[in-house]
Amino acid sequence: MTKQVKQLDRVIIRFAGDSGDGMQLTGDRFTQESAAFGNDLQTLPNFPAEIRAPQGTLPGVSSFQVHFADHDILTPGDSPDVLVAMNPAALKANLPDMKPGTSIIVDSHDFSARNLIKAGYAGNPLEDDSLADYALTVVDLTGMTVAAVKEFGLSRKDAARAKNMFALGLLSWMYGRPTETTTAFLEKRFAKSPDIRDANITAFKAGWNFGETTEAFAVKYEIKPAPMSAGVYRNITGNLALAYGLVAGGVQSGLPLFLGTYPITPASDVLHELSKHKRFGITTFQAEDEIAGIGAALGASFAGSLGVTSTSGPGIALKSETIGLAVMTELPLVVIDVQRGGPSTGLPTKTEQADLLQAMFGRNGESPVPIVAPQSPGDCFAAAVEAIRIAVTYRTPVMLLSDGMLANGSEPWQIPDIDELPVIDPAFATAPNHEVLDKDGNSTEDFWPYLRDEETLARPWAIPGTAGLEHRIGGLEKGDGHGNISYDPGNHDYMVRIRQAKTDRIADSLPPLEVDDPSGRAKVLVMGWGSTYGPIGAACRRVRKAGLDVAQVHLRHLNPFPKDLGEIIKRYDAVMIPEMNLGQLSLLIRAKYLVDVVGYNHVRGLPLKAAELAEAITDLISTTTGEATADDAGTSSQDKESVR
Amino acid sequence: MTTTEPLPFPGLKGVPTTDEKQTGKDFTSNQEVRWCPGCGDYAVLKAVQSFLPDLGLLRENIVFVSGIGCSSRFPYYLETYGMHSIHGRAPAIATGIATAREDLSVWVVTGDGDALSIGGNHLIHAMRRNVNMTILLFNNRIYGLTKGQYSPTSEPGKVTKSTPAGSVDHPFNPVSLALGAEATFVARTIDSDRKHLTSVLAAAAAHRGTSLVEIYQNCPIFNDGAFDAIKNPDTKADAIIPLVQGEPIRFGHLREDGQPSKGIVRSATGGVEVVDTAEVPEADLLVHDAHVDDPTTAFALSRLTDAGVLHQSPIGIFRSVERPTYDDQARAQITTASAGQDDQRTALSSLISGGDTWTVI
Ligand code: SF4
């Protein structure tokens, strides 16, 4: 039959199923197809903390949301246009996010009385009219998959497992996705088991053909490629980009990278990835605990490597004492915190940005640590290189604050030209730096490990094996210059101040902030950091589309703040800071600049929603200028997040 | 007992050597030593300073790492590279140093509180990995730096500031612990016996892998006399059970025929026991062999040390066996992966442009 083709500018699809149903893989493949097609996109995986939560239950539901468009987009989308639900639990868990009028495709196969009860349904929602507000399509995806792959003689269970590929084929047809990347992927992935490989490819094709022939789907959609600046692109997750950034920082500094770490969600992928790249001289040490991970990394830095440790919030708590030692010994060290919901074990697989104050203050004594945060999955690359630049140049531990959404989310990434990356000079000390007079008045040369560079205030980094520069460092207070133990009150006061001054000095090396204020008339500034960049940007676009003025600024450096931040804040009548915490950046900004910023805070384990945020921004504009009403933007405006 | 390993020692393979004559003075830093008068640490420091020249290594390629405690001030007094780190973490930090650099001779200085209490986890994991480093564990059976609380090696019932009614903790036996943690080199020596201490240091340095050396160290301030039994000329013959490679294990005051009165034999229960040498044939005495792979006998010997007040303890090398080290293997993986590869910048370029890419013109 001939199908109608409808043009769309963007679509948000959510694949949802049991955690054993392969939804992450399905979403990932759909994403790769869309990336290859040339759409801009953002993704949001969402999975349970348990590896195999009880099958068919709400806690066991795993989902993958992909937002793709013919224009540049900033977020994985607030709520899906299409939900693919592979079982009753997936339907039930995701329905609250679906707006009336959106599409739901359900695999009817698992809607048995038993499974309905497991998911907490009193009756069968496919049979009553509870889904009447949605464009519902009920298909026996599993049954058709099993029938399609019969020829391969798989067990019924194995045959049914290919149902995710059937669903992928169907959706790929519906949105005109290219299929080659997925076929090639399946061929490689299951190369060792030809039957499973063929069954998956067959199921994928059968899903496509089903869309083509069935009358259940009368319309297919077209979403044109998005115009992007010229270059080579790939789709990349935050954790992969972060690992590549570390490799790049190692190459750019000429230092062998030493990752000392301990597995933890959602940071372990950084370890997995770096362990593959030994050819760059990278050592990955999976330690006995978080403390040993950072300890070994610091030891490696002392020995002249680039020490890196990766973890999430609970791990930072354990590493705090060693971070303090790195502050005192003034050695380069990159500390990666892929933040997750807290406190304590919290929400291991969900996102949050509530470790900012921990990064800033979570140590004893006056212990300043520079903080860098990426703003999107692809930006994790540049942020990692920047963290290494600061660590090596200023001989200091640096916190790199990613989060679960950046780590697992993905977006098209323009592959950088490595000639454009900063060159990082470790500038090891090679000779004595201080003259001493012996008792006979003869001058001899000595090495002072705490004699500082005038510009950066960094101390020399003399590594073992360098003759004549033998020295001892440690956690006890150092005497200025010579670095021997000193309990002198004046010296301690001086050293506390000089360590702070060194951290502040980093601001001299930062570029001016970019403020996005297209009309130049904005009275309200929205400021953010980390992964809220997308939702804030999308919310600002909505507000501007409604005819209001708003400015946006996003911080890569949280400590020290860029030098022009205070002056920028002063230009606006009101400043709003949206965060996935209870106001941690707000607290720092209020304390430093004495301005009463307005917080916008959600800690739901999920990214901020652009539409809701747009409403809040509009409210603030209206109270600030008295011009607007709350209905001018936000959820009431048609779901169009960008204006080109 | 001296080491039989030829120079340069396998434990120091890869560390650059020098022909220049070195003395203890070359290894003495300009820092004033600040332990209490009479502290056993002084003797160990002197022994180490005068032993290091024997290794013939470039001084700049030696690193001492310590944790926190009285003995952990050690690195400040040596003219080598050093780090006085944080409580219990020295083995972890040293693991990073030793793995990153084959050309460094890495030493850890720690105490019974530092290594066995707060740092127990790092200690056991360093030993099971067999990272190439020598750990000097100063055991004074007390917390000195915090002024006299009982430690994880203090005898049960010990009355200290924190245990006025007597400690109800059962202690660790560091040698038993090390053997249980798969250590490849385990020895015990005494602060005041310079000759024995030096010979054990040499054997430990010669060993490739983690060498654990427990040093009985007297703390005259908070636990004076803890090792009197093995130091007092009147009692030491009956207290020290000398472990000498290839020799039957004999000790005790001399019999009329000039032979030691006590010996060690295998017991019926599978362990070892002390016997009167007059009552067993010489051939029944256990001949010490630290090189057997099975740690059972070494462990049995370690149990001859009292958990309570010390009156008897084996001294010497309990175990010295070969096993590939963590750091050698980690470096070998990198060498293999790097062999014949493009330069790093080219490789970086192709790494980041791997996967499915598309070009926008
Ligand atoms: S307290 Fe004991 S161990 Fe510490 S320095 Fe004094 S004597 Fe030595």
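**Exercise 1.** In this predicted model, are H9(A) and H11(B) roughly parallel or roughly antiparallel to each other?

*Solution.* Begin with the two axes: those of H9(A) and of helix H11 (residues 344-352) of chain B come within 10 Å and cross at roughly 165 degrees. Next, recall that angles over 145 degrees count as roughly antiparallel. H9(A) and H11(B) are therefore roughly antiparallel to each other, and H9(A) passes H11(B) in a left-handed crossing.

**Exercise 2.** Find which residues of H9(A) meet H11(B), and sort the contact by class.

*Solution.* On the side of H9(A), the residues are A:Tyr244, A:Val247, A:Ala248 and A:Val251, and they meet B:Gln344, B:Arg345, B:Leu348, B:Leu351 and B:Ile352 in H11(B). Sorted by class, this contact of H9(A) with H11(B) has seven nonpolar residues, one polar and one charged.

**Exercise 3.** Work out the strand order of the open sheet of three strands, and explain why one side of each edge strand is left without a neighbour.

*Solution.* The order is E16(A)-E9(A)-E12(B), with antiparallel pairing. Strand E16 (410-414) of chain A and strand E12 (357-360) of chain B stand at the edges, and each has a single partner strand, so one side of each lacks a neighbour in the sheet. From one strand to the next, the twist averages 35 degrees. Looking at one pair, strand E9 (residues 231-237) of chain A joins E16(A) in the antiparallel sense over five bridges, and A:Ile236 stands opposite A:Glu411 in E16(A). Finally, helix H9 (residues 238-253) of chain A lies across E9 and E16 of chain A, running at about 115 degrees to E9(A).

Technical notes
Residues are numbered from 1 along each chain as its sequence is written. Chains are lettered from A and ligands numbered from 1 in the order in which they are written. This is a predicted model: local features need pLDDT of at least 70, side-chain atom pairs count only at pLDDT 80 or more; totals for chains, interfaces and linings use all residues. Two strands pair if DSSP finds at least two bridges between them. Helices (H or I, at least four residues) and strands (E, at least two) are DSSP runs, numbered from the N terminus. Axes are lines fitted to C-alpha atoms, for helices over the stretch in contact, and angles run from 0 to 180 degrees between N-to-C directions. Two residues are in contact if their C-beta atoms, placed from the backbone, lie within 7 Å. Angles under 35 degrees count as roughly parallel, over 145 as roughly antiparallel, 65 to 115 as roughly perpendicular and the rest as oblique. A crossing is left-handed if the near helix is turned anticlockwise from the far one by less than a right angle, and right-handed if clockwise. Ala, Val, Leu, Ile, Met, Phe, Trp, Tyr, Cys and Pro count as nonpolar, Asp, Glu, Lys and Arg as charged, and the others, Gly among them, as polar.
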